[in-house]
Amino acid sequence: MLNLGLKKKSLDVEGMTCHHCEMTVEKAVLEIPEVRSAKADQAKGKVEIQYKVDPDLAKIKEKIEAVGYRFISES
Ligand SMILES: [Cu+2]
């Protein structure tokens, strides 16, 4: 995948405890069309996303919480 020119955002997400959690959260945020890539790190409680067009944060929160995790903030 060509990621040139994409912007990055780091999301603070609570509740991930293993690799399965990371994959679940990544899959959830990738359902948002604007999100081109997602990489979750349960140890840090972060999810890094890449996008070209700014995704709606309310939608990100909704997707993450729909699969059982807690979106805290973006950083
Ligand atoms: Cu888990």
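A residue is called buried if 20 or more other C-beta atoms lie within 10 Å of its own, exposed if 12 or fewer, and partly exposed in between, with C-beta atoms placed from the backbone. The model is predicted: local features need pLDDT of at least 70, side-chain atom pairs count only at pLDDT 80 or more, and totals for chains, interfaces and linings use all residues. Residues are numbered from 1 along each chain as its sequence is written. Helices (H or I, at least four residues) and strands (E, at least two) are DSSP runs, numbered from the N terminus.

**Stop 1**

Select Ala 58, which sits in helix H2. Ala 58 has 9 other C-beta atoms within 10 Å and is therefore exposed. Its C-alpha atom is 9.8 Å from that of Phe 71, a residue 13 places away along the chain. Ala 58 and Ala 66 are the exposed residues on the face of H2 turned away from its buried side.

**Stop 2: the buried side of H2**

Now select Ile 60, Lys 63 and Ile 64, which are buried. Down the axis of H2, the buried residues fall within an arc of 95 degrees, so they line one face of the helix. That arc is taken over the directions from the helix axis to the C-beta atoms. What covers these buried residues includes strand S1 (7-14), H1 and strand S4 (70-74). Just after H2, look at Gly 68, whose phi is positive, about 100 degrees.

**Stop 3: H1 against H2**

Select residues 19-30 for H1 and residues 57-66 for H2. The two helices pack at an angle of about 140 degrees, and their axes are 9 Å apart. Axes here are lines fitted to C-alpha atoms, for helices over the stretch in contact, and angles run from 0 to 180 degrees between N-to-C directions. H1 and H2 are therefore oblique to each other. Angles under 35 degrees count as roughly parallel, over 145 as roughly antiparallel, 65 to 115 as roughly perpendicular and the rest as oblique.

Which residues of H1 and H2 meet? From H1 they are Val 25, Ala 28 and Val 29; from H2 they are Ile 60, Lys 63, Ile 64 and Ala 66. By class, this contact of H1 with H2 has six nonpolar, no polar and one charged residues. Ala, Val, Leu, Ile, Met, Phe, Trp, Tyr, Cys and Pro count as nonpolar, Asp, Glu, Lys and Arg as charged, and the others, Gly among them, as polar.

**Stop 4: the loops**

Move to Ile 32, in the loop between H1 and strand S2 (35-41). With 17 other C-beta atoms within 10 Å, Ile 32 is partly exposed. Leaving aside neighbours within four places in sequence, Ile 32 is in contact (C-beta atoms, placed from the backbone, within 7 Å) with Pro 55, Lys 59, Ile 60 and Lys 63.

Next, pick Asp 56, in the loop between strand S3 (46-51) and H2. Asp 56 has 11 C-beta neighbours inside 10 Å and so counts as exposed. The C-alpha atoms of Asp 56 and Ile 32 are 8.8 Å apart.

Finish at Cys 18, in the loop between S1 and H1. Cys 18 is exposed, with 9 other C-beta atoms within 10 Å.

How values were computed
Contact = placed C-beta atoms within 7 Å.
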